[in-house]
Amino acid sequence: MPDMSSSFHHQRWQQALRRTRQRVAGLPGHQVSGRVIRATGMVIEVVGLRVAVGSACRIELPHTETVASHAVYAEAEVVGFAGEKLFLMPLEEISGLMPGARVTPLSEGSGLSARRFPLGEALLGRVLDGNGNPLDDRESVEECPRATLTTAPLNPLSRAPIEDQIDVGIRAINALLSVGRGQRMGLFAGSGVGKSVLLGMMARYTQADVIVVGLIGERGREVQDFIDNILGPEGRRRAVVVAAPADTSPLQRLQGASYATRLAEGFRDEGRNVLLIMDSLTRYAMAQREIALAIGEPPATKGYPPSVFAKLPGLVERAGNAERGGGSITAFYTVLTEGDDQQDPIADSARAILDGHIVLSRTLAEAGHYPAIDIEASISRAMTAITDTDQQRWSQVFKRLFSRYQRNRDLISVGAYSPGHDPQLDEAVQRFPALESFLQQGMEECATMQESRQALAAVVGGHK
């Protein structure tokens with residue numbers, strides 16, 4: 001009688017051998033490699049390789065005392081070339097790099113990078129770095145579905161129009177700067193004017209299925225503070241946070257912003273409504289400036305090379321609505337205005353490619369007025385398409401009265417104003433305390449869309 005156990009094991013070995021042969025058959029018969037000939041600053045020059053810009057490579061480093069049994073590698077990306085020389089930039093700081101170090105591409109054939117990043121439902125509540133690795137000491141993300149960072153651009157004619165208002169929980173924005181589902185807004189602010197707190201309020205109160213937060217180029221201390229104190233447990237449960245702090249390489253900061261956008265695109269493709277918060281677009285531009293200057297691109301406006309202004313719309317245009325009946329990405333991008341200069345080239349470029357901007361005022365913040373939204377300098381380009389005529393009329397009246405008071409504030413302060421000469425100014429002075437109170441909101445206070453509209457009607461609804 002034949003041994004059944006032996007026959008079963010023989011079949012399993014044959015199946016395993018067949019699978020191994022299939023995998024081996026797909027591998028190239030040789031491996032191409034290059035050599036490091038120069039390292040200057042952040043750029044490593046390599047000869048002997050022909051791979052495309054954007055490809056990932058692996059640099060072999062010398063053995064160390066702690067790791068003597070196998071080679072140590074560092075990952076880098078091709079960021080440019082000149083003749084036969086490739087310019088590589090490492091994803092992390094490299095120590096021990098020597099002349100002649102061997103460099104191999106991570107994929108053969110097409111030369112395109114084979115690096116794939118985790119996506120999907122299992123990442124909700126997680127904190128990841130710009131490479132897609134967990135930062136929160138929880139379970140591995142190896143089992144998550146993976147994809148590359150590049151996606152085909154959406155046909156602008158197939159996108160669903162912005163026609164539904166989204167509730168962000170901020171009274172001044174809901175009533176006066178209404179945001180539509182799929183809109184891309186800029187949050188323009190200097191340092192220390194309440195930008196992070198406002199973003200946290202939006203993350204907690206906005207009606208969205210999923211929140212994706214990209215913390216790009218910020219201080220490492222702020223990452224933990226944003227997650228624990230500003231985002232909070234409630235916001236974190238439905239959020240994915242991608243953190244690429246200031247001490248990471250410029251390449252990883254660029255990659256972190258692209259990865260956060262790719263995560264949002266993945267959820268949008270599943271039909272979900274996503275809130276994307278990117279803090280900040282300016283640090284993304286600065287990272288690209290570091291890379292471009294390092295490989296010899298000439299500076300243009302205020303030290304920013306032309307490639308910076310080409311990359312910004314490429315990132316921002318990935319957000320927005322999908323086709324009708326599909327999901328959406330409503331995005332808020334913070335823009336740092338150095339010295340509160342609204343004519344900063346990045347701020348100026350961002351205003352041109354975004355669907356509106358909210359400006360935070362240092363003067364209001366110093367006066368204890370939070371959120372410090374400068375309602376006169378802010379605008380939502382989609383507001384007329386998503387609000388009714390009553391709200392639009394009330395908003396115009398509010399801004400007109402508020403602006404009238406601000407233009408005459410100095411006269412009122414020194415006592416040069418006397419009522420009875422200008423009826424419109426008289427009304428602005430009379431209503432100003434209510435207008436100012438309307439714009440202020442506590443950090444733990446949530447103002448729904450309906451409550452914001454009712455409060456606006458109560459403040460200016462009786463105006464003739």
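A polar contact is a pair of N or O atoms within 3.5 Å; within protein, one atom must be able to donate a hydrogen and the other to accept it, and residues adjacent in sequence count only if both atoms are side-chain atoms. Such a contact, of 3.5 Å, joins the side chains of Lys195 and Asp279. The structure is a predicted model, in which local features need pLDDT of at least 70 and side-chain atom pairs count only at pLDDT 80 or more, while totals for chains, interfaces and linings use all residues. Residues are numbered from 1 along each chain as its sequence is written, and side-chain values use heavy atoms, with hydrogens and water left out. Helices (H or I, at least four residues) and strands (E, at least two) are DSSP runs, numbered from the N terminus.

- Lys195 belongs to helix H3 (residues 195-205).
- Lys195 counts as buried because its relative accessibility is 9%; buried means under 20% relative accessible area, exposed over 50%, and partly exposed in between (1.4 Å probe, protein chains only).
- Leaving aside residues up to four places away in sequence, Lys195 is in contact (heavy atoms within 4.5 Å) with Leu187, Ala189, Gly190, Asp279, Thr334, Leu336 and Leu360.
- Between Lys195 and Ala372 the C-alpha distance is 8.7 Å, although 177 residues separate them in sequence.

- Seven of the seven residues of strand E13 (residues 210-216) are buried.
- In a regular strand the side chains alternate between the two faces of the sheet.
- On one side of E13 the buried residues are Val210, Val212, Gly214 and Ile216, and on the other they are Ile211, Val213 and Leu215.
- Strands pair if DSSP finds at least two bridges between them; E13 has a parallel pairing over six bridges with strand E15 (residues 273-279), in which Ile277 is the bridge partner of Val213.
- E13 also pairs in the parallel sense with strand E14 (residues 239-244), over six bridges, and Ala239 of E14 is the bridge partner of Ile211.
- Together with helix H4 (residues 220-237), E13 and E14 form a right-handed β-α-β unit; right-handed means that, with the strands pointing away from the viewer, the path from the first strand over the helix to the second runs clockwise.

**Helix H13**

- The 17 residues of helix H13 (residues 423-439) should span 24 Å at 1.5 Å a residue, and the end C-alpha atoms are 24 Å apart, which agrees; the expected span is 1.5 Å times one less than the number of residues.
- H13 bends by about 50° at Arg431, with Pro433 following within four residues; the bend is the angle between axes fitted to the seven residues ending at a residue and the seven starting there.
- Asp422 caps the N-terminal end of H13, with a side-chain oxygen 3.2 Å from the backbone nitrogen of Gln424.
- Among the buried residues of H13 are Leu425, Arg431, Phe432 and Leu439.
- The buried residues of H13 pack against helices H2 (171-176), H11 (389-407), H12 (409-413) and H14 (449-460).

**Backbone exceptions**

- Most residues other than glycine have a negative phi, and most peptide bonds are trans.
- Asp279 and Ser280 are joined by a cis peptide bond with omega about 10°; Ser280 lies in the loop between E15 and helix H6 (281-294).
- A cis peptide bond also joins Tyr370 and Pro371, with omega about -10°.
- Asp137 has a positive phi near 55° and counts as exposed because its relative accessibility is 79%.
- Lys302, in the loop between H6 and helix H7 (306-316), has a positive phi of about 50°.
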